[in-house]
Amino acid sequence: MSRTAAAPPNQSSARTLPALPNAEKYATIVTRFAPNPDFVLHLGSIRAIILSHDYARMYKGRFLLRFDDTDPRLKKSALEYYDLIREDVRWLECQWDAEYIASDRVPIYYEHAEKVIRSGDAYICTCTPEDFRLNINSGRACPDRSKSPEQNLVAWEKMLDGEFGEGDAVLRIKTDLGHPNPAVRDWPALRIIDPVKYPHPRVGEKYRVWPLFNFGSAIDDHLLSVSHVIRGKEHLTNALRTEYLYKALGWEIQEYVHYGRLKTTDIKLSKSLMVKEIEEGLVGGYSDPRLPTLAALRRRGYVPSALRKIVYEMGPRPVDATLSWDNVNATNRKEIDSIANRYSFIANPITMTVSGVDRTYEAHLPLHPERKDLPGRVSKVVPDNGSASLLISSSDVDLLKKSKVVRLMELFNVEIKSVENNDIEAAFHSQDYMKAREVKAPLVNWLPGENNLIGEVVMPDASRTEGPIETNIRQEKVGNIIQMVRFGFGRIDAMNDQIITVYYAHR
Ligand SMILES: [Zn+2]
């Protein structure tokens, strides 16, 4: 990993990021990305990761990965997701300089909880959530608020040793009871989660008191010297909460960059919805092509440079941004068009019988239209008694019905005699491309009638489209991104002697 790069990697667009606020105040710019390992990452996370990482690189600073895994009940992490998230972040070319896991740092959170209890800036509240809400919404103090630090330390011990059960008590940070936003007033910082009912995937039943997101991340941001917290506008209230905690601890608040919301037209970015769909078996898993997870995008042939371009377009601006599949696909197409080799794949094939084929014809097709240096692809048509059998896509049938002559790409021109159901009779017309142009013959993609491989294309809706795919594709490897001529881009997901499985990206 390079720490000397002045510009973020793969920044192929001319765009750059605007300066960070008050960067000069800090000897080292430190940013962090703090995912909860309760699922893989998805399109909704790319802005936080890429901006945080690329800013750290831009300022020759440090980028931290911090796993925020302190909710074993509602946002329960799972061991597999730590690694999957690491894979996602690496794939985005956002290598981190240091990694922290919140569940390793619980004693640190306890230490700071005790500090703010001793200083009288926090108390143990034993109200029911309903009572607390009633009080706080009308600006009234919880009855526990006026207790002494000594009394609160006793109650804190009861939280830790199990005398209080789940939901019986919560540690709250004192704020302004008249704060215009009730969500800021005396916010909860640590709570009890039954360790037997909800063991933590990493530390098991070791802890029964867990910090809430606001407390744990705020403590770590200071202790890990984070200079700039780059995150969405939905965290504005959290920044207000943090101010009270930092004041109590005598810490200086770091810089915040709150970017606008990400609105999507046709992309469902709800993590809980995705998890639900997987649990209910509506989708096949976290890399199902219907999901906007990075794992699914990676599988389908989207590239990190395209996602980085999208993030740079949005930047760290506070205005809301809109994202659609059209937008993501158009950006990705520009990135992969130059690297994807071309192959013929005939979706839902039908047979065309061509009479009058007097000899073997060879079609020479480019592997890539702009890479004449690469060896081309050769497809052979061998007639049997003057008649050749070819495969074309059933989606071209309407075109054939309307045309007298069509050109089979890079092969020869044929005259259509009859189109009946899934059977096409044609006759050899001419070989010359100019002849096809003279009669404005449309181009039709084709494959020889036999000796093809089986192509199985997994579409974005997870349906499978099958058809023959040319044998030349054997020179590719699993993971390569290809273009299926006139069908679309995709990534080879698996190959064996007969079957090539491709995950479809877009046209
Ligand atoms: Zn209370």
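Predicted model: local features only at pLDDT ≥ 70, side-chain atom pairs only at ≥ 80, totals over all residues.

Biologist: How many helices and strands does the protein chain come to?
Modeller: The secondary structure of the protein chain comes to 13 helices and 26 strands.

Biologist: And what radius of gyration does the chain have, against a compact globule of 507 residues?
Modeller: The protein chain has a radius of gyration of 30 Å, whereas a compact globule of 507 residues would have one near 23 Å. Along the principal axes, the C-alpha trace spans about 100 × 50 × 40 Å.

Biologist: Which domains is the chain divided into, and how far apart are their C-alpha centres?
Modeller: The division gives domain 1, at 118-210, and domain 2, at 341-507, and the C-alpha centres of these two domains lie 68 Å apart.

Biologist: Take the four-stranded sheet; what is its strand order?
Modeller: That sheet is open, with the order β4-β5-β6-β7 and antiparallel pairing. Because β4 (122-125) and β7 (209-211) stand at the edges with a single partner strand each, one side of each is left without a neighbour in the sheet. From one strand to the next, the twist averages 25 degrees.

Biologist: How many bridges join β6 and β7?
Modeller: Strand β6, residues 188-192, pairs with β7 in the antiparallel sense over three bridges, and R191 stands opposite W210 in β7.

Biologist: Which helix lies across those strands?
Modeller: Helix α5, residues 149-161, lies across β4, β5, β6 and β7, and runs at about 55 degrees to β4.

Biologist: Switching to helix packing, at what angle do α6 and α7 pack?
Modeller: Helix α6 (213-223) and helix α7 (236-249) pack at an angle of about 65 degrees, with their axes 10 Å apart, and their crossing is right-handed. The contact is made by N214, A218 and H222 of α6, together with N238, R241, T242, L245 and Y246 of α7. By class, this contact has three nonpolar, four polar and one charged residues.

Biologist: What about the six-stranded sheet, what order and pairing does it have?
Modeller: This open sheet has the order β12-β24-β25-β26-β22-β23, and its pairing is mixed. Its edges are β12 (341-343) and β23 (464-469), each with a single partner strand, so one side of each is left without a neighbour in the sheet. Strands β25 (488-495) and β26 (499-506) pair in the antiparallel sense over six bridges, and the bridge partner of M495 in β26 is I500.

Definitions and conventions:
Residues numbered from 1 in each chain as written. Domains from an automatic or database assignment. Pairing = 2+ DSSP bridges. Helix = DSSP H or I, 4+ residues; strand = E, 2+ residues; numbered from the N terminus. Axes fitted to C-alpha atoms, helices over the stretch in contact; angles between N-to-C directions. Contact = placed C-beta atoms within 7 Å. Left-handed = near helix turned anticlockwise from the far one by under 90°. Nonpolar A, V, L, I, M, F, W, Y, C, P; charged D, E, K, R; others polar. Rg over C-alpha atoms; globule rule 2.2 N^0.38 Å.
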